[in-house]
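Work through these exercises with the model open beside you. Each task is followed by a solution in steps.

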Amino acid sequence: MTASANAKFKPRVFSGIQPTNHLQLGNYLGAVKRFVQMQDSGVETIYCIVDLHAITVWQNPEDLRNATRELAAGYIASGLDPKRSILFNQSQVPGHAELGWVFNCVARMGWMNRMTQFKDKAGKNAENASLGLYAYPALMAADILLYHATHVPVGEDQKQHVELTRDIAIKFNHDFKVDFFPVTQPVIEGTATRVMSLRDGTKKMSKSDPSDASRINLTDDADTIAKKFRKAKTDPDPLPETIDGLAGRPEARNLVNIYAALAEVSAETVIAEFAGKQFGVFKPALADLAVARLSPIAEEMARLMADPAEIDRILGDGAERADAIAQPILDQTYDIVGMVRSRRG
Ligand code: TYM
């Protein structure tokens with residue numbers, strides 16, 4: 001992590017994931033695995049289950065509750081330690097929604113209109129999308145800045161939202177002539193910042209893709225993982241001799257990157273090992289590696305899910321610790337903005 005314009009702010013990491021559907025391999029490699037690395041590097045880490053974001057599109061209440069607990073289990077099973085990191089669900093800390101409102105009044109319509117993810121998600125039916133889906137990047141800025149977070153590990157697809165967060169912090173500081181919010185750095189690193197669909201190497205792997213075969217879910221069993229990799233779309237050529245040989249071969253590149261991220265080696269190392277080999281050789285090796293890495297996580301998730309009351313206790317405890325950081329920052333924000341704060345107790 002690099003120091004920056006944020007010298008006055010102590011390093012603090014914040015990130016979040018939506019509790020919608022199951023965690024998929026892209027979330028794991030692009031986000032959760034890196035959250036764990038940051039926790040283990042000793043910096044203060046806060047990880048959120050962003051349930052307020054999830055309801056920007058319709059969620060069945062029982063499914064939402066279940067997905068929230070499953071995501072908590074996924075975080076913990078992947079190595080997040082609720083004692084060393086703060087782990088909680090967003091709606092239990094009211095400051096997110098409150099600061100989100102303030103930022104709705106800082107962000108400009110023109111900025112929001114440029115958000116590509118809104119365009120992708122709303123599609124042709126933007127008139128019928130919720131107002132929340134449109135305003136969501138301002139809430140995401142609030143998630144981050146409510147903790148004065150300096151670093152935000154995310155996948156490539158969230159880069160624009162973190163840039164908007166920076167713009168909001170800069171405009172707030174400028175408008176009120178303060179140096180109150182840090183200008184947060186996105187941390188987008190490694191070989192898996194954009195894991196692609198197994199059915200189409202030009203499309204992002206996503207929890208919401210209608211085709212289950214397009215993604216590996218963290219809850220998939222070993223047979224399903226092996227089958228999905230076996231059926232993954234590829235071209236007829238063998239793997240190239242050098243990394244440059246992956247140009248114009250998005251599916252091959254994607255599988256090499258996935259292998260590299262799972263094995264924690266560079267894509268060059270993977271190419272050196274498999275140069276000239278057919279996918280008939282590479283795919284089973286990839287499936288074995290994925291099963292070896294993911295099966296223990298799936299097993300631990302299932303064990304944790306058997307005790308939902310314990311998960312709720314962990315989230316409640318995390319929310320109290322998060323709130324203790326958030327509330328003073330929210331109070332100061334209201335002060336800066338000019339709100340009278342005279343309520344006792
Ligand atoms: P979400 O829930 O869509 O995704 C969670 C994280 O997973 C990453 N990711 C991927 N990385 C690599 N390859 C993929 N195919 C892939 N798919 C998803 C995402 O980049 C993300 O890091 N708006 C956010 C959640 C959020 C948030 C925040 C993140 C809300 N507030 C504050 C950081 C800080 C989202 O919808 O992520």
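## Exercise 1: α9 and α12

Helix α9 (residues 222-231) packs against helix α12 (residues 279-305) at an angle of about 150°, and their axes are 9 Å apart. This comes from a predicted model.

**Task.** Find the hand of the crossing of α9 and α12, then list the residues that make the contact and sort them by class.

**Solution.** 
1. Look at how α9 passes α12: the crossing is right-handed.
2. Take the α9 side. Ala222, Ile225, Ala226, Phe229, Arg230 and Lys231 make the contact.
3. Take the α12 side. Here the residues are Lys283, Leu286, Ala287, Ala290, Val291, Leu294 and Ser295.
4. Sort by class. The contact of α9 with α12 has nine nonpolar, one polar and three charged residues.

## Exercise 2: α4 and α13

**Task.** Describe how helix α4 (residues 95-104) packs on helix α13 (residues 308-337).

**Solution.** 
1. Start with the geometry. The angle is about 25°, and the axes lie 11 Å apart.
2. Classify the angle. Angles under 35 degrees count as roughly parallel, so α4 is roughly parallel to α13.
3. Name the residues. α4 gives Gly95, Glu98, Leu99 and Val102, while α13 gives Leu330, Thr333, Tyr334 and Val337.
4. Count by class. Five residues in the contact of α4 with α13 are nonpolar, two are polar and one is charged.

## Exercise 3: α4 and α7

**Task.** Repeat the steps for α4 and helix α7 (residues 131-145).

**Solution.** 
1. The packing angle of α4 and α7 is about 120°, with axes 8 Å apart.
2. That angle makes α4 oblique to α7.
3. The crossing of α4 and α7 is right-handed.
4. From α4, the contact uses His96, Ala97, Leu99, Gly100, Phe103 and Asn104.
5. From α7, it uses Ala135, Ala138, Leu139, Ala141, Ala142, Asp143 and Leu145.
6. By class, the contact of α4 with α7 has nine nonpolar residues, three polar and one charged.
7. Compare the lists. Leu99 is in the contact of α4 with α13, and Leu99 is also in the contact of α4 with α7.

## Exercise 4: positive phi

**Task.** Where do Asn21 and Lys177 lie, and what is the phi of Asn21 and of Lys177?

**Solution.** 
1. Recall the background. Most residues other than glycine have a negative phi.
2. Asn21 is in the loop between β1 (12-17) and α1 (25-40). Asn21 is not a glycine, yet its phi is positive, about 55°.
3. Lys177 sits in the loop between α8 (159-175) and β5 (185-187). Lys177 has a positive phi near 50°.

Methods: Residues are numbered from 1 along each chain as its sequence is written. This is a predicted model: local features need pLDDT of at least 70, side-chain atom pairs count only at pLDDT 80 or more; totals for chains, interfaces and linings use all residues. Side-chain values use heavy atoms; hydrogens and water are left out. Axes are lines fitted to C-alpha atoms, for helices over the stretch in contact, and angles run from 0 to 180 degrees between N-to-C directions. Helices (H or I, at least four residues) and strands (E, at least two) are DSSP runs, numbered from the N terminus. Angles under 35 degrees count as roughly parallel, over 145 as roughly antiparallel, 65 to 115 as roughly perpendicular and the rest as oblique. Contact means heavy atoms within 4.5 Å. Ala, Val, Leu, Ile, Met, Phe, Trp, Tyr, Cys and Pro count as nonpolar, Asp, Glu, Lys and Arg as charged, and the others, Gly among them, as polar. A crossing is left-handed if the near helix is turned anticlockwise from the far one by less than a right angle, and right-handed if clockwise.
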